Amino acid sequence: MKIDIITCLPEIFDGPITQSIVKRAQKKGLVEICIHDLRPFSDNIKKSIDDYAFGGGAGMVMMIEPIDRCISYLKKKTPYDEIIFMTPDGERLNQSMCNKLSLNKNIILLCGHYKGIDQRVRDHLITQEISIGDYVLSGGELAAMVVTDSLVRLIPGVLNDESSALTDSFQDSLLAPPVYTRPAVYKGWEVPKILLSGNDAAINDWRYEAAIKRTKDKRPHLLD
Ligand code: 6GU
């Protein structure tokens, strides 16, 4: 899978997706993540990528031209399955969207910024709009990293234990059950005895029941 991220703040991406699982996935060649700075695609002297809103009002608007040029440049080399705009008014991300997106070969994540983006970008250049929740972030960059992380862990071979993405919370509309490790007793707080029994069938039953209970307690709407 290839993920091309278009942003006016490329430095932000030096953090989470250069570490841990996503880093390993890139090293193994299972995913290629490329960050593209929007600013060089501006054709004016100041390399500006935003301008005042037609009709007035506070806040700058991201211009269509640098974005169109950047997307056209990328499209010359790669056929994209989806060109996704990260925006708080997009479709709210959930696990089933992540699963579907992870099947794509090539995607673009376009990060919005400032007060908004010229509507013609949304009308003509992109294929999908995604939000990561009902709150407003300063830009789409953190959201693009959330999407990237959630997709990469689903690519076969990325996780050491092939089954572990399948047992993630939300994969079967259930939260994952509690887990424990040594010591079996700490300050008098005990691990459920069944987990120490060695009886795999009984342990699986316990985990299933615990997953249902946790979902009922914390996210009852998932059981609807
Ligand atoms: Cl994708 N972008 C911004 N700016 N804020 C958000 C978001 C995206 N998703 C939730 N809040």
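What follows is a set of questions and answers about terms and values.

Reader: What kind of model is this, and what is left out?

Author: This is a predicted model, in which local features need pLDDT of at least 70 and side-chain atom pairs count only at pLDDT 80 or more, while totals for chains, interfaces and linings use all residues. Residues are numbered from 1 along each chain as its sequence is written, and side-chain values use heavy atoms, with hydrogens and water left out.

Reader: How many residues surround the ligand, and which are the closest?

Author: There are 13 residues around the ligand, and the closest are T87, I132, G133, Y135 and L137. A residue counts as near a molecule if one of its heavy atoms lies within 4 Å of it.

Reader: Which strands supply at least two residues of that shell?

Author: β5 (82-92) and β8 (128-131) each do. β5 gives the most, with 3 residues. Strands are DSSP runs of E with at least two residues, helices are runs of H or I with at least four, and both are numbered from the N terminus.

Reader: How many residues of the shell are nonpolar, polar or charged?

Author: The shell has 8 nonpolar, 5 polar and no charged residues. Ala, Val, Leu, Ile, Met, Phe, Trp, Tyr, Cys and Pro count as nonpolar, Asp, Glu, Lys and Arg as charged, and the others, Gly among them, as polar.

Reader: Why is the pair of F41 and Y73 called tilted?

Author: Rings of Phe, Tyr and Trp (its six-membered ring) pair if their centres lie within 6.5 Å; planes under 30 degrees apart count as stacked, over 60 as edge-to-face and the rest as tilted. The centres of F41 and Y73 are 5.5 Å apart and their planes stand at 55°, so the pair is tilted. F41 lies in the loop between β2 (32-37) and β3 (50-52) and Y73 in helix α2 (residues 64-77), so the pair ties together parts that are 32 residues apart in sequence.

Reader: Are F41 and Y73 buried, exposed or partly exposed, and how do you know that?

Author: Buried means under 20% relative accessible area, exposed over 50%, and partly exposed in between (1.4 Å probe, protein chains only). F41 has 17%, so F41 is buried. Y73 has 39%, so Y73 is partly exposed.

Reader: What makes the pair of Y186 and W189 tilted?

Author: The ring centres of Y186 and W189 lie 6.1 Å apart and the planes are at 55°, so the pair is tilted. Y186 is partly exposed at 46% relative accessible area, whereas W189 is exposed at 57%.

Reader: Why is V31 called buried?

Author: The relative accessible area of V31 is 5%, so V31 counts as buried. V31 is found in the loop between α1 (20-27) and β2.
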